[in-house]
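Welcome! Please take a moment with the sequence and the 3D view before reading on.

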Amino acid sequence: MVSRGFITVVLAVVLVSCASGSSNRATTSTSTTTRAPVTTTTAAPALSARVVKEVVVDPVYRQGLARRDGGWAFSFNDGLFLTDDALHQTKKLVPAIPAEWKARGFDHIGDIDVADGVLYAPLEQPNYKLGHQAMLMYDATTLAYRAGVEVPQHEASFVTVDPSGIAYSMDHFGGAALLRYDVANGWRPLAPLEMSRSIARVQGADVYHGAVWLSTDDAHEGVYRVDLRRGRQGQVQSLGSIGHVDGEGEGIDATPTANADLRVLSIDAKAVPVRIVELRVTPAGH
Ligand SMILES: [Ca+2]
């Protein structure tokens with residue numbers, strides 16, 4: 001219900017934005033006779049995210065966050081945890097990195113995602129110059145390890161998978177492109193999605209409703225939206241800050257609930273507490 005409300009708001013803003021974008025572009029086009037009139041509407045809806053609540057969580061829940069059926073999933077460097085809606089832990093897997101991957105130097109799980117019953121975990125080894133990291137897959141209900149695959153990227157702070165089976169990640173912690181993989185075809189690399197601007201220190205991402213929502217540990221703990229829709233692909237919007245700018249922003253989930261549209265993990269500057277910062281996304285200025 002709330003999700004539908006959020007979508008309605010977004011669509012309404014798109015319509016308003018398209019209307020104003022057309023008139024602005026029409027005005028611009030009259031100032032030059034050498035350009036053809038621009039009739040496409042590529043303006044993105046202006047959205048902003050504001051903090052509505054903070055929830056202190058178990059300090060081990062400090063890397064990744066994902067919505068799952070009936071609750072939440074969290075990740076730690078070498079642990080996976082499931083909770084119910086009230087954040088009571090229902091299952092854990094510690095250690096979570098299979099011995100075969102540990103033997104190859106992999107030691108860090110980043111921001112996770114859950115899609116179609118599978119928990120996806122980005123796995124790093126610390127020598128970023130090697131140019132390879134890994135993606136692991138677990139049963140999202142039992143946390144049983146299913147499979148893993150090496151991927152050609154230098155770092156791997158996050159992975160998120162859309163309903164069609166396209167996985168998104170980034171080559172480095174920051175940059176101006178999202179890597180894409182075809183999960184069903186052995187994680188075959190697809191053409192990267194070029195973004196309209198570079199974003200620094202990306203720590204998490206979640207694909208939801210035509211966009212990839214990014215959390216960062218940049219200068220203002222910013223949250224960003226990367227459009228995936230035709231005509232606006234790669235357009236980046238800065239949505240706002242999660243606050244706690246002296247702390248460390250980590251994983252994100254973008255599944256709307258009754259309380260919030262975005263949730264971002266934030267590690268306090270003193271290492272504890274760890275908070276889920278809940279944000280509501282609304283048209284900018286509202
Ligand atoms: Ca996530």
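## About the model

This is a predicted model, in which local features need pLDDT of at least 70 and side-chain atom pairs count only at pLDDT 80 or more, while totals for chains, interfaces and linings use all residues. Residues are numbered from 1 along each chain as its sequence is written.

## The chain as a whole

You will find two helices and 21 strands in the chain. Helices (H or I, at least four residues) and strands (E, at least two) are DSSP runs, numbered from the N terminus. Of the 286 residues, 39% count as buried, meaning that 20 or more other C-beta atoms, placed from the backbone, lie within 10 Å of the residue's own.

## A four-stranded sheet

Four strands form an open sheet in the order β15-β16-β17-β18, paired antiparallel; strands pair if DSSP finds at least two bridges between them. At the edges, β15 (202–208) and β18 (236–241) each pair on one side only.

Inside this sheet, β16 (residues 211–216) and β17 (residues 222–227) are joined by five bridges. W213 has R225 in β17 as its bridge partner.

## The nonpolar core

The largest nonpolar core has 68 residues: buried Ala, Val, Leu, Ile, Met, Phe, Trp, Tyr and Cys residues joined through C-beta atoms within 7 Å. A73, V212 and L262 touch the most other members, and strand β21 (residues 274–283) gives the most to this core, with five residues.

Beyond its neighbours within four places in sequence, L262 is in contact (C-beta atoms, placed from the backbone, within 7 Å) with residues including W213, V223 and L279.

Conventions:
A residue is buried if 20 or more other C-beta atoms lie within 10 Å of its own, exposed if 12 or fewer, and partly exposed in between; C-beta atoms are placed from the backbone. Two residues are in contact if their C-beta atoms, placed from the backbone, lie within 7 Å.
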